[in-house]
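Subject: Handover of a structure

Dear colleague,

Please find the structure below, followed by an account of what was found in it. I would be grateful if you would read the two together.

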Amino acid sequence: MCALAHYFEEAGIATATIVLVREHAERMRPPRALWVPFELGRPIASPNDAPFQRRVLTAALERLLVADRPGTIVDFPEEDPRRRPDGLWAPPVMVETDHLRGSSHAALAKCFLAEVVRLKPYHEQVLAQSGRTTVGLVGCPVPALADYVASFLTGDAPTGLVGNMSAALALRFAADDLKAYYLESALATGGRPSSRQLVNWFWDSTWGGAALLAARAMALASNDDRLRRIGERFLVPRARVPSGERAD
Amino acid sequence: MVRLTDLTPTQQEHLRTLDCPGFDTRPFVRGRALKARRIAVVTSAGLLKRGDPLFRGGDPGYRILPTDISPTNVLIGHISVNFDRTGFQEDWNVVLPLDRLRELAHDGVIGSVADWHYSFMGATDPRAMTATAAEVVERLKHDGVDAVLLTPV
């Protein structure tokens, strides 16, 4: 972003850059920067909180009015109110952590597929209420995506799902789509869950999270270089990789 | 905040040591009052229209998002899985604040919202983006844009 700000400004277009990692802006000094104290992925923060988002935008755009020295970074003073967990939020499905451990891959695949079906009415509810889903990178229906991931768990050689997309890429983007399906479904029960509540639920308390962790393990053991790379970096966030495997 | 200390040590190290290019110049464009400005959003979130080609690692390209696009037709296709997507999944304005910008235009805070907005995919060497950034500049100018809001992830 900071580099793009430089390129655009050099070409004669003024920029106002929202900055999440202050250290980067300090090094690259975009012309006008607003550092926001929000988590990665949430530059405007607080979903469906129009007044808060408007304050963020106004603070960023007002940087365009100021004729101070280029490279100044201003700090937004408010924390994201959605960082706080919602004690009243309850997930649509819940699996005890102990039940997730020790399952055979065949059993895991079966439970995962059943869970995807259980979530369908929740996802449909969210879609009806919001008019929107972010599922669609692969372009296949969710059951097909779930079948694809399940096939990895049962050791069946998966074939490419879409045109000339390789098995590795198909796994990678199917995982993204399935995560979106789960996390969108989790909004059906109402409340204002924090991102941490949502991702903790997915990775710790669903067959879906367990399935992706197992798919990662299988990808890492694969003879396919591309599949191993996908398993290493693109299925499971670093913070969720089992601690024994993490570099830190 | 993204205080680096909130992240795992590996993530901290990765972000702390990320290669950030330096620049010899400090361009600074002055312009009209904010209430007269035409604003576009450019994001590094790897957003794309439903059906667009997916971003690959190191991709210096961009996707074009028409201002009247339906929110359900905007997907997030960034290659990294290490940032939160639940905010965007709940409300596209968390990354692509088009509804908020339209409200600001309606209220006279800004002049207008551009007809087109753009997304790059931020896990790319910025030095590889100079040509595609130049393309976007020409598109922005053709659209009459005189100010860009840049949103990272």
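This is a predicted model: local features need pLDDT of at least 70, side-chain atom pairs count only at pLDDT 80 or more; totals for chains, interfaces and linings use all residues.

Residues are numbered from 1 along each chain as its sequence is written, chains are lettered from A and ligands numbered from 1 in the order in which they are written, and side-chain values use heavy atoms, with hydrogens and water left out.

The residues of H8(A) that count as buried are Ser195(A), Gln197(A), Leu198(A), Trp201(A), Phe202(A), Trp203(A) and Ser205(A). Buried means under 20% relative accessible area, exposed over 50%, and partly exposed in between (1.4 Å probe, protein chains only).

Two packed helices are described by the angle between their axes and the distance between the axes. The axes are lines fitted to C-alpha atoms, for helices over the stretch in contact, and angles run from 0 to 180 degrees between N-to-C directions.

Helix H8 (residues 195–205) and helix H9 (residues 207–220) of chain A pack with their axes 5 Å apart, at an angle of about 65 degrees. H8(A) is therefore roughly perpendicular to H9(A); angles under 35 degrees count as roughly parallel, over 145 as roughly antiparallel, 65 to 115 as roughly perpendicular and the rest as oblique. From H8(A), Phe202(A), Trp203(A) and Ser205(A) make the contact, and from H9(A), Trp207(A), Gly208(A), Gly209(A), Leu212(A) and Leu213(A). These comprise 5 nonpolar, 3 polar and no charged residues, where Ala, Val, Leu, Ile, Met, Phe, Trp, Tyr, Cys and Pro count as nonpolar, Asp, Glu, Lys and Arg as charged, and the others, Gly among them, as polar.

A second pair consists of helix H5 (residues 105–130) and helix H6 (residues 142–153) of chain A, whose axes come within 9 Å and cross at roughly 170 degrees. H5(A) is therefore roughly antiparallel to H6(A). Among the residues in this contact are Phe112(A) and Val116(A) of H5(A) and Ala146(A) and Leu153(A) of H6(A). By class, the contact has 10 nonpolar, 1 polar and 1 charged residues.

**Chain A as a whole**

Chain A has 10 helices and 3 strands, in the order α-β-α-β-α-β-α-α-α-α-α-α-α along the sequence. Its C-alpha atoms fill a box of roughly 65 × 45 × 35 Å along the principal axes. Of its 248 residues, 55% count as buried.

Most residues other than glycine have a negative phi. Ala45(A), however, has a positive phi of about 65 degrees; Ala45(A) lies in the loop between strand S2 (32–35) and helix H3 (50–61) of chain A and is buried, at a relative accessible area of 0%. Asn48(A), in the loop between S2 and H3 of chain A, has a positive phi near 60 degrees.

**Between the chains**

Chain B and chain A bury about 7500 Å² between them, 64% of it on carbon and sulfur atoms; buried area is the accessible area (1.4 Å probe) that two parts lose on being put together, summed over both. Phe28(B), Glu90(B) and Leu150(B) supply 10% of the area that chain B buries against chain A, more than any other three residues. The contact takes 85 residues from chain B and 84 residues from chain A.

Arg172(A), in helix H7 of chain A, is buried at 2% relative accessibility. Residues that Arg172(A) touches, not counting those up to four places away in sequence, include Ile230(A), Phe234(A), His78(B) and Ile79(B).

In chain B, Ala123(B) is in contact with Gly58(B), His78(B) and Ile79(B), leaving aside neighbours within four places in sequence. Ala123(B) counts as partly exposed, at 34% relative accessibility.

Yours sincerely

Definitions and conventions: Helices (H or I, at least four residues) and strands (E, at least two) are DSSP runs, numbered from the N terminus. Contact means heavy atoms within 4.5 Å.
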